[in-house]
Amino acid sequence: MNRTCLRLIVLVALPMFVSGCSSLLPHSQTATKSRWKSYSEARDAFDRIVPNETGTNALSELGLDPNANPNVRVLTYLDLIQRFLPNQAITKDDLDKAVRSCIEGREKSMALEVELNEIRSQRHGNVLLDIFGFQRNTHETGWQFKGLLLLRDGLVVYKLYSGQPEVDRNEKKVKPLGPLQELDNIVIGTVERVR
């Protein structure tokens, strides 16, 4: 390839990179397989669960069967102890009566935990600044849902859910020295290994 052709390629490609063509930047999507397509659909399913009335058959109909839904995790009473009694400052007396009965019920109790999310991430801005690590702008959108059900003798006795109906956040990372900014970590790590 002669120099004239190479110059032509550089002249054509350079404005595209300098202009900040975002379509060249990486993007990603994280989605949990679920029958619910939004936070509100998951919340509505949980709202249909009535403590001391809803049983395991109704949970299956709502899509909360751990054998049919890979995103439903089964927890034991030991997991509940770690979750609800994380330190000695919290005692069983501080807990809701239903939570306390599940912990004390041991093998008669179980819990179901569901964690769903759909997050899309798109980097935008100047391609050259991004590639060389001087400046990275990332925009994330989507939703997140977490739910916990406590069952005793096949009946839901306690429910709790939380989440973020709408995720919309921007992150900007600026490294004035670009790729050289990471050299301090390499130098410090090398010096510490030599010692």
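Of the 18 residues in the largest nonpolar core, which touch the most other members? Ile49, Leu59, Leu64, Val114, Phe145 and Leu149 do. Some notes on the rest follow.

1. **Ground rules.** This is a predicted model, where local features need pLDDT of at least 70 and side-chain atom pairs count only at pLDDT 80 or more, while totals for chains, interfaces and linings use all residues. Residues are numbered from 1 along each chain as its sequence is written, and side-chain values use heavy atoms, with hydrogens and water left out.

2. **Overall layout.** The chain has 7 helices and 5 strands, both taken as DSSP runs numbered from the N terminus (helices H or I, at least four residues; strands E, at least two). Reading along the sequence gives α-β-α-α-β-α-α-β-α-β-β-α. Of the contacts with a separation of 6 or more, 71% are between residues 24 or more positions apart; contact here means heavy atoms within 4.5 Å.

3. **Surface and burial.** The accessible surface is about 13000 Å², and carbon and sulfur atoms hold 54% of that. Areas are Shrake-Rupley values with a 1.4 Å probe, and for residues only the protein chains shown count as cover. Of the 195 residues, 29% are buried. The cut-offs are under 20% relative accessible area for buried, over 50% for exposed, and partly exposed in between (1.4 Å probe, protein chains only).

4. **The cores.** A nonpolar core is a set of buried Ala, Val, Leu, Ile, Met, Phe, Trp, Tyr and Cys residues joined through side-chain atoms within 4.5 Å. The largest one has 18 residues, with at least two supplied by each of α2, β3 and β4. A second, separate core has 14 residues, among them Leu95, Ala98, Ile103 and Val157.

5. **Leu149 up close.** Leaving aside neighbours within four places in sequence, Leu149 is in contact with Phe46, Ile49, Leu59, Leu64, Met110, Ala111, Leu112, Val156, Tyr158 and Lys159.

6. **Helix α4.** Tyr77, Leu80 and Phe84 are the buried residues of α4 (residues 77-84). Viewed down the helix axis they fall within an arc of 50°, so they line one face; the arc is that of the directions from the axis to the C-beta atoms. As a reminder, an α-helix has 3.6 residues a turn, so residues three or four places apart point the same way. The cover over these buried residues includes β2 (72-75), α5 (97-105), β3 (109-124), β4 (135-152) and β5 (155-174).

7. **Aromatic pairs.** Rings of Phe, Tyr and Trp (its six-membered ring) pair if their centres lie within 6.5 Å; planes under 30 degrees apart are stacked, over 60 edge-to-face, and the rest tilted. That rule gives 5 aromatic pairs. Phe46 and Phe145 are edge-to-face, at 5.3 Å centre to centre and 65° between the planes. The pair joins helix α2 to strand β4 across 99 residues, and both Phe46 and Phe145 are buried. Phe84 and Tyr158 are edge-to-face too, at 6.2 Å and 80°, linking α4 with β5 across 74 residues. Phe84 is buried at 15% relative accessible area, and Tyr158 is buried at 17%. Ring pairs also link Tyr39, Phe46, Phe145 and Tyr161 into a cluster.

8. **Two backbone spots to check by eye.** Most residues other than glycine have a negative phi. Asn52, in the loop between α2 (39-47) and α3 (56-61), has a positive phi of about 70°. Asp153, in the loop between β4 and β5, has a positive phi near 55°. Asn52 is exposed at 53% relative accessibility, and Asp153 is exposed at 61%.

9. **Arg48.** Arg48 is in the loop between α2 and α3 and is exposed, with a relative accessible area of 53%. Leaving aside neighbours within four places in sequence, Arg48 is in contact with Thr54 and Leu62. Arg48 and Leu59, 11 residues apart in sequence, are 9.6 Å apart C-alpha to C-alpha.
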